Amino acid sequence: MKKKVISMTMAVLMGLSLAACGDNADDSKSGNAGTSQEGNQQEDTKTEGDEGQDSTPQEGDAGSGTSTDVANKDKPLVWFNRQPSNSSTGELDQAALSFNDHTYYVGFDANQGAELQGTMVKDYIEANIDKIDRNGDGVIGYVLAIGDIGHNDSIARTRGIRKALGTGVEKDGDIDSAPVGTNTDGSAKSVKDGEIEVGGKKYVVRELASQEMKNSAGATWDAATAGNAIGTWSSSFGEEIDVIASNNDGMGMSMFNAWSKDNKVPTFGYDANSDAVAAIADGYGGTISQHADVQAYLTLRVLRNALDGVDVDTGIGTADEAGNVLSEDVYVYREEERSYYALNVAVTADNYQDFTDSTKIYEPVSKQLDAGSHATKKVWLNIYNASDNFLSSTYQPLLQNYDDILNLEVDYIGGDGQTESNITNRLGNPGQYDAFAINMVKTDNAASYTALLSQ
Ligand code: BGC
């Protein structure tokens with residue numbers, strides 16, 4: 001069980017993040033860098049002409065201040081939350097993942113988490129079988145909110161639900177993850193009816209409807225779209241909906257608040273955002289913690305280590321001099337993918353009290369680094385969508401706690417969730433930074449960033 005000791009009120013920071021939602025693509029010019037809260041030095045702190053030298057951070061170069069003598073292409077780079085990969089096939093973009101010797105990805109184990117989410121829903125159905133089938137027709141009907149059909153985490157979660165409930169059909173060697181639209185008659189081709197047997201009685205399980213929650217402007221994982229969808233679905237076949245599954249809590253909470261809470265239909269999400277965890281007391285079915293507290297730490301820690309010229313495992317698998325270390329039960333590192341993956345934990349009515357504040361840092365990695373041996377360095381970091389529920393209410397507040405501990409001065413740039421150029425336009429002066437942390441709009445687009453760093 002996680003023990004988290006440092007509690008901080010992040011309401012102010014969250015407010016600022018949300019206030020950034022309306023920023024437009026030109027805000028780098030106006031000096032308003034989206035969610036940036038640590039000073040918007042967009043221009044002029046670096047002299048021109050220092051790119052192009054091929055020097056990587058060396059052992060012992062900590063303490064030298066901003067490393068303007070390192071070429072941008074050799075600076076530490078971490079991709080996070082959206083893994084460079086082909087959005088159609090899921091194939092990893094190895095060129096982006098090994099852009100230089102100090103490049104990594106930080107995310108979470110999507111398959112392990114997806115399986116947990118599926119199992120959580122199935123266990124709930126079995127434990128509540130006497131009351132779950134609301135209209136008593138012998139069919140347990142569920143609807144599914146899909147985040148982004150081209151995002152491998154979203155795909156994994158859709159598959160996890162279908163696998164656990166027996167509704168998946170195989171396509172190209174894996175479970176089909178395509179949305180079905182409406183399937184109240186069970187005729188859709190991307191899913192099939194499943195079956196659950198409890199206490200000697202058999203029930204059909206049917207995916208009544210599913211759709212990608214993308215708004216008209218193109219933003220994915222869109223909570224408002226999910227709220228509208230449950231309105232439409234419930235008004236035409238509400239009596240048949242016994243369970244709601246969602247690829248994340250943002251969409252899940254929107255459906256919970258719009259319909260499922262009042263109708264006592266359990267909704268299951270993903271992310272363990274604080275509002276979703278609190279809603280478990282009011283009937284939200286459960287969620288999955290993707291250990292954002294570990295991911296946010298890893299995101300900044302791999303940069304810190306490269307900047308310090310120390311082994312990348314420092315403060316991760318091997319304790320640093322302050323005593324920060326992660327145990328093997330909270331993350332895995334896959335060398336061939338240059339990727340760190342946090343492990344997931346199910347959060348249900350049984351244990352939600354331990355997860356009420358999703359912005360609390362993880363105690364085993366909460367110790368301040370000494371400013372003498374780990375001098376302040378500047379990091380450019382973007383969030384693909386400043387109004388993404390998980391990233392703005394959970395991940396970014398965690399990053400903002402860890403950046404102090406790791407002596408990193410981070411400029412947080414919030415995107416609009418739709419256009420990569422909205423973000424890349426604000427990476428106009430990479431020479432001003434020591435390291436980069438990137439959260440792409442689309443997982444195919446890594447080259448838009450690496451091209452800027454290679455110039
Ligand atoms: C989260 C989603 C979020 C997405 C953004 C996922 O890992 O679960 O809530 O919208 O990341 O990329």
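Partly exposed, a term used throughout these legends, lies between buried (under 20% relative accessible area) and exposed (over 50%), with a 1.4 Å probe and protein chains only. The model is predicted, so local features need pLDDT of at least 70 and side-chain atom pairs count only at pLDDT 80 or more, while totals for chains, interfaces and linings use all residues. Residues are numbered from 1 along each chain as its sequence is written, and side-chain values use heavy atoms, leaving out hydrogens and water.

**View 1. Asp 174 pairs with Arg 159 in a salt bridge.** A salt bridge here is a side-chain nitrogen of Lys or Arg within 4 Å of a carboxyl oxygen of Asp or Glu. For this pair, the closest N and O atoms are 3.3 Å apart. Asp 174 is partly exposed at 36% relative accessible area, and Arg 159 is partly exposed at 26%.

**View 2. Asp 193 meets Arg 206.** Their closest N and O atoms are 2.7 Å apart in this salt bridge. Asp 193 is partly exposed, at 31% relative accessibility, whereas Arg 206 is buried at 16%.

**View 3. Lys 73 and Asp 74 form a salt bridge.** Here the closest N and O atoms are 3.3 Å apart. Asp 74 is buried at 8%; Lys 73 is partly exposed at 32%.

**View 4. Asp 109, Arg 334 and Glu 337 are linked in a network of salt bridges.** Ten salt bridges are counted by this rule.
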